[in-house]
Amino acid sequence: RLWDACRLPDFRKATIDAHARLVKSLFMHLSGTGGYLPDDWMAGQLERLTRTSGDVDALASRLSYVRTWAYAAHRADWTRDPDHWRGRTREIEDALSDALHEKLMQRFVDRRTSALVKGLRDERDLLAGVNHDGEVTVEGHFVGRLDGLTFRPDAEGRELAARTLKSAALKALRPEINRRLGALAKTDMDSLTFTDDGQIGWNDQIVGQLVAGPSPLKPGIRLIGGDLGAPEAQSRAHATLETRLHEHIQTVLAPIFKLRDAGQSPDIPGLARGLAWRLHEAGGALARFTIADEVRNLSQAERRALRSAGVRIGEHMIYVPELVKPAPARLNALLHAIAAGRPDIAWLPAPGLTSIANDKSRTRAEYAAIGFYPCGPRAVRFDMLERLADTLRDASAKDEEPGFPLTADMTALLGCSVEDIRGTLIALGYKRIQKGPDPEKAEGERWDRKKRGRGGPPRGKSQPKSRKPAAAAPAVAPEDSPFAALAELKLAEPQPRKSKSPKKRKARNS
């Protein structure tokens, strides 16, 4: 035991007497009653070392003391619970190491700031530069990073240091930012990207932000950074970004601009022209029930004109199928979100989904911008909604019974559960007229429209097959009735009236 205690490393770098006293204390506990270091004694030794305040020397001293007790904890026969004391000493050591690192960084930053302030005060030229990674150095000191057009000083939370670093870095930053602004003024759309919150990326760095403009299709742009560059360079870069953005919108959302042209063309009949303009203003989609009268009054020529403009007139939606594709839907949704002041499209469904859970916090306009229509518990993609309507119509036409059977194919079409398809059908105006044996399954259920339209079944619904009524038996009058004799009478067949000859008509007229 004495030999084991004497082998304790002198992590503290204390005097020989201080180290000998520590070894003696360890040996006395290890050779005493129990043969272990007492838990309360270990806890008291470590409690004095948990403070993370103080200067660099105080933190370094506490860290060396903790390592002494960590050595003791790693001797399996020195404590009753070695695992507990190993974890405890590791926690204290990590906290002290982090505090010491922060103090060392603070000392370095303060020295760096002092050196830069002295150089600026002496008004001497400072050697500054920006490398290919955007790291900015002045007089060999790292002072920050240039991200895109924004300088981020390496002194967060310290106003004096940040201001000093920025002032010292101006010599290197101005030429580099002007160079980047010039390159941005010559960029094309291939180098630009748009994030879900409307930021503009250029070479994997954020340089701008979309903001609300005169209309959703004409957003504005705000440069992020670049304020250290020349005003003319900023204006050219800003103008280029706006031009590229509007060209991109006109390319990806060409069907919407085709609707605008159709709504202004004198060659398209009046009612079709009005509907095309309303679709353009709505972003390319309208629920049919909102314009039911206009659709009902469309002539065949007007319907053809709308089809030539890319419009599909469905049972539930009037929309442009080209805008339901992923790229146009994403851009359309982003532009409407920017115009509404909610620049966030991270909620958009993944490409290929035919329906998604209906988020009630989203408006119908937001869903319409991405090509979806909210129906009860689900929001259904336009084309799938019309395919569902066709499926229901065909299922109803094949059966002589009222309504149509609910099938698993209908749930597969929307990629949802049986309960969700029921809620969707109710939202679309259907009702269940027959329950199935198993409420968890679709088999055996029948559904029909809640109300039938005037003059027959609703649009898209086939008439049930008509059955000829049986001929009614002739009524027979009682024998004592005064009308009994009339039953034997036969009316003479009416004779056709002979037309007068032209001569007799002429004489009569004269």
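Strands S6 and S7 form a hairpin with two residues between them, and Asn203 in the turn has a positive phi of about 55°. The model is predicted, so to speak of local features a pLDDT of at least 70 is needed, side-chain atom pairs count only at pLDDT 80 or more, and totals for chains, interfaces and linings use all residues. Residues are numbered from 1 along each chain as its sequence is written, and side-chain values use heavy atoms, with hydrogens and water left out.

Strands (E, at least two residues) and helices (H or I, at least four) are DSSP runs numbered from the N terminus, and two strands pair if DSSP finds at least two bridges between them. S7 also forms a hairpin with S8, again with two residues between them.

In helix H3 (residues 39–47), Trp41, Met42, Gln45 and Leu46 are buried, that is, under 20% relative accessible area with a 1.4 Å probe and protein chains only, whereas exposed means over 50%. Seen down the axis of H3, these buried residues fall within an arc of 130°, so they line one face of the helix, while Asp40 and Glu47 on the other side are exposed.

Helix H9 (residues 270–281) packs with helix H11 (residues 300–308) at an angle of about 35°, their axes lying 8 Å apart. Their contact, meaning heavy atoms within 4.5 Å, is made by Gly270, Leu271, Ala272, Leu275 and Ala276 of H9 together with Glu302, Ala305 and Leu306 of H11.

Terms used. Axes are lines fitted to C-alpha atoms, for helices over the stretch in contact, and angles run from 0 to 180 degrees between N-to-C directions. The arc is that of the directions from the helix axis to the C-beta atoms.
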